[in-house]
2 protein chains.
Amino acid sequence: MSLQLEAATGALRQAILDGAFAPDERLREMAVAETLRVSRTLARLAMSALEKEGLLLREPNRGSRVKAFSLKEIADAIEVRGELEAMAVRLVAERGLQAPGLSRLQSFLAEAEQLLGQGVAGAEARQAWVAMNQGLHDSLIEAADNRAIAVAVRQISLLPLASASAIIFDLFDAAGSADQLRRSHDDHCRLLDAVAARQGSRAAAIMREHAFRSAENRRKNLANVSNLAAAEGLPGARLVRLD
Amino acid sequence: MSLQLEAATGALRQAILDGAFAPDERLREMAVAETLRVSRTLARLAMSALEKEGLLLREPNRGSRVKAFSLKEIADAIEVRGELEAMAVRLVAERGLQAPGLSRLQSFLAEAEQLLGQGVAGAEARQAWVAMNQGLHDSLIEAADNRAIAVAVRQISLLPLASASAIIFDLFDAAGSADQLRRSHDDHCRLLDAVAARQGSRAAAIMREHAFRSAENRRKNLANVSNLAAAEGLPGARLVRLD
DNA sequence: GAGGCGCAGATTGCATGCAAGAAACTGCAG
DNA sequence: CTGCAGTTTCTTGCATGCAATCTGCGCCTC
């Protein structure tokens, strides 16, 4: 993808996630081109890219529509990501990880503890937590050294609210979020413990449950949040169909 | 995708899998357009599609190259597909399957037994076996009713020699193939037995091992076959790098 | 003789134009 | 007033053309 195309695709993706187009809304090339201030060709190519990412549905000779996601689809996607990550940590644990790799992973735990100590209050701390979480998950995938897993996880993470960084969503429920974060951190600790001890099956089980809880939280928080706080600009929320 | 584009993409994919272009070979739009007898635009779009499928690598301003696949990548992809299928059968088993769905699956077993009885000799019987195998695997995925799994499996199955129908590859080793087929059939039987008994964990374990053996066979047969019989037109073999 | 520079050919990236197909409108008949 | 057919308008799908970029080669310099 060339630079211009990449920019256009990114802008369109952002616009869709931000809810600039309603779910099921038909998207005309011209309208997109004018919104993005690009030519019809670039708009067309960007739409084609987002179609392959799963954000748009294309009907031959009739252009594209914005895909609406059900709660089930989102929860399913998170569980599948969890299963893939479980496989990844199993592979890492079974193969064994040298000290440098392990300490790199553990540095994420240290940062998490620091953030927890400060209470994870405020938007900045939340962002830091999200980055920490994403970094840890990415590093585990990378350590697994399995391209098929990496590709599949990246694909799933393109869906709204299905990526590891979508925990931002769950951090707005201030009441439960402290508990959720501690619980999540505990999972991460035991995960790395299992990896270090080369307990592949245990590591996989922890990861699977980690994802399962994440899917549950996402589902629950979405059902609560999406009508009231979606307007606040939580990315992707407007694509969710609550039925 | 429009009709013409789909045709062009299919033709190019076939050409690549058939080895019309060598791995790492640079692919010029003009050359592709002339080969496919289409305009440069369609060639370009088809290349872009295959890039997203993973058959081509694109470098900005420098066009595309045919991707070369290592034995590890192929074996990894099969194992990941197996893990996803394991999750699928676990879900099916845990949720339980009504009689009609179950008997639909079992009809594949009946066909397999018929084919085994005839010895699975000849190209036609092999094709029938491949179709049976693919049908069974597809039906299990479908029964899981999980879009994320279906999408991920479809994506992986686009890679050469990673799909369920790539067992065609293993059927050319006449000596071992009878045993392999019986063993595979036995897996399928126990798989459906576990599903019927709602033994999710058992079903998943069987599927995982089924895939693991499949990955091993593929790896072994490829290492043997690809230099001698690749020329015979086994699709995708020419994309494999043996080092 | 080796290495850097610049120019010409080749190749990609993007814009515009045109034709085929779908949607919408109008007019008419029932 | 409603349903339907013909026509018009709009939208997409594809081809072609042009500009920007890259590649390879020859030349010059050191």
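In helix 1 of chain A, the residues A:Ala8, A:Ala11, A:Leu12 and A:Ala15 meet A:Val32, A:Thr35 and A:Leu36 of helix 2 of chain A. The residues of this contact divide into six nonpolar, one polar and no charged. Please keep in mind as you look around that this is a predicted model.

**Helix packing in chain A**

- Helix 1 of chain A packs against helix 2 (residues 29–36) of chain A at an angle of about 100°, and their axes are 11 Å apart.
- Angles of 65 to 115 degrees count as roughly perpendicular, and helix 1 and helix 2 of chain A are therefore roughly perpendicular to each other.
- Helix 2 of chain A also packs with helix 3 of chain A, here at an angle of about 105° and with the axes 8 Å apart.
- That makes helix 2 of chain A roughly perpendicular to helix 3 of chain A as well.
- On the helix 2 side of this second contact you will find A:Glu29, A:Met30, A:Val32, A:Ala33 and A:Leu36, which meet A:Arg40, A:Ala43, A:Arg44 and A:Met47 of helix 3 of chain A.
- By class, the contact of helix 2 with helix 3 of chain A has six nonpolar, no polar and three charged residues.
- A:Val32 and A:Leu36 take part in the contact of helix 2 with helix 1 of chain A, and A:Val32 and A:Leu36 are also among the residues that meet helix 3 of chain A.

**The sheet of chain B**

- Chain B has an open sheet of three strands in the order 1-3-2, with antiparallel pairing.
- Its edge strands are strand 1 (26–27) and strand 2 (56–58) of chain B, each of which pairs on one side only.
- Strand 2 of chain B runs antiparallel to strand 3 (residues 64–66) of chain B, and three bridges join them.
- Within this part of the sheet, B:Leu56 stands opposite B:Val66 of strand 3 of chain B.
- Helix 3 (residues 40–53) of chain B packs on the sheet and touches strand 1, strand 2 and strand 3 of chain B; the helix direction makes about 105° with that of strand 2 of chain B.

**How the two chains meet**

- In the interface, 17 residues of chain B are in contact with 17 residues of chain A.
- Helix 4 (71–95) and helix 7 (147–157) of chain B are the elements that give two or more residues to the side of chain B that touches chain A.
- That side of chain B has eight nonpolar, four polar and five charged residues.
- The copies meet through the same surface, because 100% of the interface residues of chain B are also interface residues in chain A.

**Around the DNA**

- DNA strand C is surrounded by 17 residues, of which A:Ser2, A:Gln4, A:Ser39, B:Arg28 and B:Gly63 are the closest.
- Helix 1 (3–17) and helix 3 (40–53) of chain A, together with helix 2 (29–36) of chain B, are the elements that give two or more residues to the surface near DNA strand C.
- By class, the surface near DNA strand C has six nonpolar, seven polar and four charged residues.
- Around DNA strand D there are 17 residues, and A:Glu29, A:Gly63, B:Ser2, B:Gln4 and B:Ser39 come nearest.
- Helix 2 of chain A, together with helix 1 (3–17) and helix 3 of chain B, each supply at least two residues of the surface near DNA strand D.

Notes:
Residues numbered from 1 in each chain as written. Chains lettered and ligands numbered in written order. Predicted model: local features only at pLDDT ≥ 70, side-chain atom pairs only at ≥ 80, totals over all residues. Near = placed C-beta within 6 Å. Helix = DSSP H or I, 4+ residues; strand = E, 2+ residues; numbered from the N terminus. Nonpolar A, V, L, I, M, F, W, Y, C, P; charged D, E, K, R; others polar. Contact = placed C-beta atoms within 7 Å. Axes fitted to C-alpha atoms, helices over the stretch in contact; angles between N-to-C directions. Parallel < 35°, antiparallel > 145°, perpendicular 65-115°, else oblique. Pairing = 2+ DSSP bridges.
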